[in-house]
Amino acid sequence: MTVLADARELAGDITDLRHRLHREPEIGLDLPRTQEKVLEALSGLPYEISLGTDTTSVTAVLRGTGAGASASRPVVLLRGDMDALPVQERTGLDFSSRIDGAMHACGHDLHTAMLVGAATLLAHHRDQLAGDVVLMFQPGEEGYDGAGVMIHEGILDAAGRRADAAYGLHVMSAGAPNGQFLSRAGTLMSASDGLTVTVHGAGGHGSAPHQAQDPVTVIAEMVTALQTMVTRQFDMFDPVVLSVGVLQAGTKRNIIPDSARLEATVRSYTPESRAKLARVVPRLLQGIAAAHGVEVTVDYVTEYPPTVTDAGETSRAERVVGELFGGERFTRMVNPLGGSEDFSRVLQQVPGTFVFLSAVPRQADAQAAAFNHSPRATFDDDVLADGTALYTQLALSRMAELCG
Ligand SMILES: [Zn+2]
C-alpha cells in the first residue's frame, strides 16, 4: 500500500512538527503560533490557503488534477483540531509544554501534525483526485465551538461548492490497544448542554429562618430532584446524564444567604431527549422555586449536538482501515462515548464519520493509562504515520467513488 509506505517515510517530519506544537500549546480560538507552524509546514505545497477572520483557523484547498474533473467536481473535507487545554503538564516528556498552565492533553497536536502529513501525501496524489480536498485546521474545539465559528467563516463551501463528505480523527491516550481504530455508525458521542441556576431568596439570621427566605434548602432540593427527573422522565434506553459540578451559597454558618447557585453539564444522545431536557429542566426548577415562594433564574444553554456518523461513511472507514492495516485494527464500538465534539456540527450538514485512534503508549496498560485531559496523558508518536495514511486514503477512496 503506497499511501502507508509514503506516510511512514514522512513520519520523521510529522513527529517533529507534533513535538514543536506540543512544546508550545495554545488555548481557545486564538492560536497564532500554531497557525504559523501549520502555514510554514504547508508552504511550497499546491494549496489555496485562507486564514480565519473570526479565529486563527487555516483552510487549505487542493484542486485535484485527475481525469474526470468537471463542473461538478466533488469535495472532500478533512478536519484536524489544533487547540490545547489549561492543564499543567506532568508527563516528563522531553518535548513537554514550555507554556505554564497549558498542555496538549487531548492530543490535538497529533491531529494537526497528521493533517499536515495528509496534505503532503494528497499533494503527491493530486493527479488521482478528480475533485477538491478541503483541509480544516480548526482552533477552539475544547468548549469554544471552533467548528461552529469555521462553519460561519464558510469552511463547508471553501472549495466553491458544498463538501460532499467529511472526516475527522481523534487520538486517545488510553482505553484501547495501541494503533486500534474505533468508531460506530450513528450516534458516536453525546450532546453537551449547560445549566446555570440562581435561586433568589432573602438573607437573614440562621436562628430565624421564618423571617428569611432560605435559598439553600431550595437549591439542595433542586440537586436531588434533577436526578429523580433523569430516572423518572427519561427512557433508560436513551440515556441522559446530568451532573452538578458547581454548588455555591453562603459565607458563614449562622447566616442565611440571599442567593444560591448551581451549574451542571447535561449530556444526551438523541434530539428528542435533548429537546425534552431543555423543556422539563426549567419547568422542574421553576416548580420547586414556586413551591417554596422564592424566585429562580434558569439559564439553559445548548452547546454541542450529538456526534452522528453516516453509516456508509463509517463502513468506508472500516474498509479503508482493513485495506491499510488489516481488519483486526478496526473495532466497531458497541456504545457511544460520553464525551462531546464540535465536529458534530460539520456532520449535521455533511455526511461523514469520526474515527478514534488509540495512541496509548506501547508499554502502558491501555485500561490503566491516563486518559485524555489528564496532566499525565501521553500519546505515542508511532500512530502518526497511520493516522496520516487514514486521512489520505479516506479522501482518495471517497473521491474515487464520487468520480466513478
Ligand atoms: Zn479532543
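Cysteine 106 counts as buried because its relative accessibility is 7%, buried meaning under 20% relative accessible area with a 1.4 Å probe and protein chains only. This is a predicted model, in which local features need pLDDT of at least 70 and side-chain atom pairs count only at pLDDT 80 or more, while totals for chains, interfaces and linings use all residues. Residues are numbered from 1 along each chain as its sequence is written, and side-chain values use heavy atoms, with hydrogens and water left out.

The zinc ion has as its protein donors Cys106 (SG), His108 (NE2) and His170 (NE2), which lie 2.1 to 2.3 Å from it; donors are N, O and S atoms within 2.8 Å of the metal (3.2 Å for Na, K and Ca), and since water is not among the atoms, sites may look incomplete. Along the chain these donors follow the spacing C-x1-H-x61-H, and histidine 108 is buried, with a relative accessible area of 0%.

Strand S16 (residues 352–358) has seven of its seven residues buried, strands being DSSP runs of E of at least two residues and helices runs of H or I of at least four, numbered from the N terminus. Strand S5 (residues 165–172) runs parallel to S16 and is joined to it by seven bridges, with valine 171 opposite leucine 357; pairing requires that DSSP finds at least two bridges between two strands. Strand S6 (residues 181–183) pairs with S16 in the antiparallel sense over two bridges, and here leucine 182 stands opposite phenylalanine 356.

Note on methods
Buried < 20%, exposed > 50% of the residue type's maximum accessible area, 1.4 Å probe, protein only.
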